[in-house]
Amino acid sequence: MAIPSHVLLYVDDPDASATFYQTVLGDLPVRSDPSFVLFEQPTGLRLGLWARHSVQPEATIAGGGAELVIVLDDEDAVDERYHALQQLGLCIIQPPQDMTYGRSMVLLDPDGHRIRLLEPAG
């Protein structure tokens, strides 16, 4: 059986991206070096931030072509997180909205990767 375990995002500045994801995830990385930062979630999923210039084979795609979805666990969490992230001046491209799949908002990381914060519909 093959089980997906990592999401790797190619970033220009791993330190700046690590600061962004610490804010959004509320967690510290489990590994950090100049070209790679790794976050490990309680679910076991690992989020790697890999310096674009060191990716082998060379990365040819920039951020924004997909979304990283972060599920929040209560119905007020999307709005609360929106207000907190807005106060920090992060790039929010969709304020909280009720969608067919639940309440969500979308923000961009420093490299233009889309992050959707979601409270799934019942």
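Where is the place of Arg116? I looked this up and found Arg116 in strand 8, residues 114-120, with helices (H or I, at least four residues) and strands (E, at least two) taken as DSSP runs numbered from the N terminus.

I noted that this is a predicted model, in which local features need pLDDT of at least 70 and side-chain atom pairs count only at pLDDT 80 or more, while totals for chains, interfaces and linings use all residues. Residues are numbered from 1 along each chain as its sequence is written, and side-chain values use heavy atoms, with hydrogens and water left out.

I then looked up the elements of the protein chain, which has two helices and eight strands, in the order β-α-β-β-β-β-α-β-β-β from the N terminus.

Is Arg116 buried or exposed? Arg116 counts as buried because its relative accessibility is 9%, where buried means under 20% relative accessible area, exposed over 50%, and partly exposed in between (1.4 Å probe, protein chains only). For the protein chain, I noted that 34% of the 122 residues count as buried.

Which side chains form polar contacts with Arg116? I found one of 2.8 Å to the side chain of Glu67 and one of 2.9 Å to that of Ser104; a polar contact is a pair of N or O atoms within 3.5 Å, where within protein one must be able to donate a hydrogen and the other to accept it, and residues adjacent in sequence count only if both atoms are side-chain atoms.

Leaving out residues up to four places away in sequence, I listed what Arg116 touches (heavy atoms within 4.5 Å), including Leu68, Val69, Ile70, Gln94 and Tyr101.
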